[in-house]
Amino acid sequence: MDGYSVLTTCRGLKPVLVDCEQLDEGWSRDATFDVCICGAGPAGITLARALADKNRRVALMEGGGLELSEASQSLYYGESVGVPYPVDSSRLRYFGGASNHWLGETRALDDRDFEALSHHPLNRWPIRRLDLDDYAQQAADILDLAPAAQPFDIFNGREDAFKPIARRMSPPTLFGPKYQHQLARSNLIWLCVNANLIDIELEGSLRSVSQFSFRSYARAQPFTVRARCYVLCCGALENARILLNANRQIPRGLGNQRDLVGRFFCEHIDVSLGHMVMVSALPRVSEYIPSDTLIRDRRCLSYVVRLSPVRDKDWPDGRCETFPDRLSRALREGGSACINAEAEASVQQSANRDSRVTLARSKDRFGLRRLSLDWTLSDLDRHTIRTAALETGRALARHNLGRMRLAPYLEADIDTISDNCLGQSHHMCTTRMSDGPATGVVDRNCRLHGVENLYVGGSSVFASAGVSNPTYTIVKLALRLGDHLDGELG
């Protein structure tokens, strides 16, 4: 592969892209980096570039290769023991990480996403949106984000319970192709592929990391990397699995003194809300987010409702020319009669400690226990889904824009809601950010509570999920972490 070279010594360090299958034994014995980053996805690549811009020496270690392989992807196999979830296919384990299946949609978190709610105190982050706003333009440039388009509003500004939104779009930017050659040419970044983290070793007091241990696929001999600071950027599922498996010196795993590593797993819940008979056909998709007042009064979480046109083969055909005629026929015949729009929602999941990553009994090829995911929805999650459907139907009727038939599962027992939910491969909150170890795993600067030089990057540190695609926030958090680490390194 173009760009590969073999590092034989760390004396006279030079820019390289290293395949760890080819390394000489002891190649890193005499090297101490400023920062060792495990995981080369959006968080890890952004952080490495930010640190190199500050003249810091970085080891960027990626467990996969430059292309997807079964050997690498198989390490993501695991168990799903709650709401069914594709724990392996929802992730990609090679250079570029999650950006390799990103569709390019994103938006900033809302101010309220950082604040506690009376009915959901764990919604609160220890930082505010303002703490990330300084990185907004830099993150937009990294992601090649276009400005948000003017949102389309079928209510024409007359609805107080909702406001229209528009997402920002990336081409999408694939971090591997975009940044590979820049990283490989850097005088300060050592990009190593096929480097699988197998152990985190602490020094004697167990208060700081002394080295990371790695293995490649074809070679049994592990190798170590030493740095002044270490960062896990392996995704929300894998970050938790790594910390739980690092139990040789601390039996419960690193950062897990309060049994919180892996808890609070959140997704953005994708659900169908129902179908509509509209007075006038929708010209295009419109999206709406509830007001602060609605969330407070209905005691729900945030969500985005998508109203989309549906082409009806039965309309117009001379039988359903007017809205009352079409509505009457829909009521009589049911099914898809005269349906010309549908409503779907992306729903914020609550920070629920019972939704969690633990370790399965089975082990991977390196002897590490595989993950077990118990994706669990709370009563608040189910209430939010029903609220999204009911409030959408009420708004359409209130403005006489149409009438909505709820999806059948919403009218059945509330427990059936979980059976109709899908995730969006947005893994969050498993090492949630908090003011102290009683409610989370990392502090406001993404440092593991109780370990002085170990940090976590990516959406696993989200304190709550909000309702925005996480990529934009992931990149801003990585840039902020780069500034913090530069200050800590002195």
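A43, L47, C233, C446, V456, G457, G458, V461, I474, L477, A478 and L481 line the largest cavity; a cavity is a set of points on a 1 Å grid over the protein atoms alone where a 1.4 Å probe fits but cannot get out, and lining residues have an atom within 4 Å of a point. Two or more residues of this lining come from each of the elements α1 (42-53) and α10 (471-489), where helices (H or I, at least four residues) and strands (E, at least two) are DSSP runs numbered from the N terminus. The largest contribution, 4 residues, is that of α10.

The model is a predicted one, in which local features need pLDDT of at least 70 and side-chain atom pairs count only at pLDDT 80 or more, while totals for chains, interfaces and linings use all residues. Residues are numbered from 1 along each chain as its sequence is written, and side-chain values use heavy atoms, with hydrogens and water left out.

The largest cavity holds about 60 Å³ of space, a volume being the space filled by probe spheres set on grid points that are joined across faces, edges and corners. In total, the structure has 6 cavities of 30 Å³ or more. The lining of the largest cavity comprises 10 nonpolar residues, 2 polar and no charged (Ala, Val, Leu, Ile, Met, Phe, Trp, Tyr, Cys and Pro count as nonpolar, Asp, Glu, Lys and Arg as charged, and the others, Gly among them, as polar).

Disulfides, defined as pairs of cysteine sulfur atoms within 2.5 Å, number 0 in a search of the whole structure. C429 is in no disulfide, and its nearest cysteine sulfur, that of C266, lies 3.9 Å away.

| Residue | Relative accessibility | Class |
|---|---|---|
| C338 | 0% | buried |
| C429 | 0% | buried |
| A412 | 37% | partly exposed |

A412 is located in the loop between β18 (402-406) and β19 (454-456).

After α8 comes G334, with a positive phi near 65°.

Terms used. On a 1 Å grid over the protein atoms alone, a cavity is a set of points where a 1.4 Å probe fits but cannot get out, and a pocket is an open set with protein on both sides within 12 Å along at least five of seven lines; lining residues have an atom within 4 Å of a point. Buried means under 20% relative accessible area, exposed over 50%, partly exposed in between (1.4 Å probe, protein chains only).
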